[in-house]
Amino acid sequence: MVRQPGDRLTETRRILRKPQFWFGLAVLSPLIIWYVWFAFSPILRAFWMAVVEYKILQPDQSPFVGLRHFRMLFEYNLFWVSIRNTLVYAAVFYAGMVPLALFVSACLTSVTRGRNFYQFVIFLPVVVSLVAISLLFKMLMNPQLGQINQILKSVGIPPSQFLTSHETALYSVIGVDIWKALGFYVVILTAGMLNIPEEMYDAAKVDGAGIWQRFWRVTLPLLGHTLTLVSVLIVMHGLQVFTQVVVMPSQAGGPGNATYVMNLLVYNEAFTNLRFGFATATAFTLFIFVFVITVVQLRILRPSWSY
């Protein structure tokens with residue numbers, strides 16, 4: 001049955017007559033005003049900054065330049081370097097985090113005693129300061145005095161340059177980030193696995209399914225919505241990396257430009273080169289980048305069913 005425009009108008013009028021609607025609107029009004037003032041208006045102001053040659057001391061006299069900053073951005077070599085490093089970071093972070101988080105979550109769901117304690121231990125690095133963790137691993141990965149290389153030497157393995165080599169710096173940062181963030185995604189996936197009805201596994205056992213078959217045929221399909229959420233969060237985390245690549249290498253974005261990512265480009269252009277309009281255009285490009293990838297993920301991964 002197709003609704004006519006008159007039916008929609010009548011339904012709207014009926015909703016507007018209900019006191020519950022106006023009560024809900026009154027309750028939500030402070031939150032709506034807060035979001036409009038502190039969230040959406042800065043976005044509009046940022047877009048204005050991206051199309052003007054922003055003067056920090058005389059913002060009202062900033063000349064309009066249109067899309068010049070966006071054209072300059074795509075002609076800037078460091079932009080393409082940051083794009084490549086950001087994509088590599090997000091892809092490797094995703095490829096390492098998803099299987100590891102699934103494995104740890106599957107192990108936790110099979111534990112009947114002490115599960116909360118194990119979750120606490122795994123989640124503990126998440127709440128520790130990211131700067132503190134980065135400084136700790138910067139010391140541990142020191143090529144001369146770091147404890148990790150001392151352990152490698154003691155077992156006959158050649159020491160690694162970790163953060164001082166152009167080939168390994170980015171992957172070393174990713175490895176530390178996976179270790180720190182693992183607990184957050186494990187908690188979400190574990191909750192999703194525990195929400196799967198036990199009857200599903202009992203039926204699979206009756207059909208003769210083994211451990212791997214139950215995980216592949218029961219757990220993963222029924223974990224679809226949770227896994228989609230986790231996948232989106234992981235990719236967004238990887239695309240927005242900043243603190244680790246500033247603190248861990250001896251030089252932010254180094255060695256060379258091995259760990260130079262898009263957020264670092266935004267920071268340098270704004271607060272080092274004082275090109276606020278150009279930096280804002282870069283930030284908008286990053287936002288569009290993250291938004292498009294997120295929408296594509298949701299279209300590909302999100303299940304069309306629920307249970």
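## A tour through the two domains

Begin by colouring the protein chain by its two parts, domain 1 (5–50) and domain 2 (70–301), whose bounds come from an automatic or database domain assignment. What you have open is a predicted model, in which local features need pLDDT of at least 70 and side-chain atom pairs count only at pLDDT 80 or more, whereas totals for chains, interfaces and linings use all residues. Residues are numbered from 1 along each chain as its sequence is written, and side-chain values use heavy atoms, with hydrogens and water left out.

The C-alpha centres of domain 1 and domain 2 lie 36 Å apart. The contact takes five residues from domain 1 and six residues from domain 2, where contact means heavy atoms within 4.5 Å.

**Stop 1**

Select Arg13, which is found in helix 1 (residues 5–17); helices here are DSSP runs of H or I with at least four residues, strands are runs of E with at least two, and both are numbered from the N terminus. At 47% relative accessibility, Arg13 counts as partly exposed, on a scale where buried means under 20% relative accessible area, exposed means over 50% and partly exposed lies in between, computed with a 1.4 Å probe on protein chains only. Draw a distance from Arg13 to Val98: the two are 85 residues apart in sequence and 48 Å apart in space, C-alpha to C-alpha.

Next take Ala39, in helix 2, which is partly exposed at 24% relative accessibility. A separation of 42 Å lies between the C-alpha atoms of Ala39 and Gly114, which are 75 residues apart along the chain.

**Stop 2: helix 2 against helix 14**

Now display helix 2 (residues 19–50) together with helix 14 (residues 276–301), which pack at an angle of about 120 degrees with their axes 7 Å apart. That angle makes helix 2 oblique to helix 14, since angles under 35 degrees count as roughly parallel, over 145 as roughly antiparallel, 65 to 115 as roughly perpendicular and the rest as oblique. The axes are lines fitted to C-alpha atoms, for helices over the stretch in contact, and the angles run from 0 to 180 degrees between N-to-C directions. The crossing of helix 2 and helix 14 is left-handed, a term used if the near helix is turned anticlockwise from the far one by less than a right angle, with right-handed used if clockwise.

Show side chains for Ile43, Ala46, Phe47, Met49 and Ala50 of helix 2 and for Phe276, Gly277, Thr280, Ala281 and Phe284 of helix 14, which make the contact. These residues of the contact of helix 2 with helix 14 divide into eight nonpolar, two polar and no charged, where Ala, Val, Leu, Ile, Met, Phe, Trp, Tyr, Cys and Pro count as nonpolar, Asp, Glu, Lys and Arg as charged, and the others, Gly among them, as polar.

**Stop 3**

Follow the chain to Lys55, in the loop between helix 2 and helix 3 (68–74), where Lys55 is partly exposed with a relative accessible area of 37%. Not counting residues up to four places away in sequence, Lys55 touches Gln61, Ser62 and Pro63. Lys55 and Phe123, 68 residues apart in sequence, are 44 Å apart in space, C-alpha to C-alpha.

**Stop 4: helix 4 against helix 11**

Select helix 4 (residues 77–109) and helix 11 (residues 224–239), whose axes come within 8 Å and cross at roughly 145 degrees. Helix 4 passes helix 11 in a right-handed crossing. On the helix 4 side, Thr86, Tyr89, Ala90, Phe93, Tyr94, Met97, Val98 and Leu102 meet Leu227, Ser231, Ile234, Val235, His237, Gly238 and Leu239 in helix 11. The residues of this contact divide into eleven nonpolar, four polar and no charged.

**Stop 5: Asn149 and Phe162**

Move to Asn149 in helix 7, which is buried, with a relative accessible area of 0%. Asn149 touches Leu140, Asn142, Pro143, Pro159, Ser160 and Phe162, not counting residues up to four places away in sequence. From there select Phe162, in the loop between helix 7 (147–154) and helix 8 (169–194), which counts as buried at 14% relative accessibility.

**Stop 6: backbone exceptions**

Most residues other than glycine have a negative phi, and most peptide bonds are trans. Phe162 has a positive phi, near 50 degrees. Leu274, in the loop between helix 13 and helix 14, also has a positive phi, near 60 degrees, and counts as exposed at 56% relative accessibility. Finish at the peptide bond from Gly254 to Pro255, which is cis, with omega near 0 degrees; Pro255 lies in the loop between helix 12 (243–247) and helix 13 (262–272).
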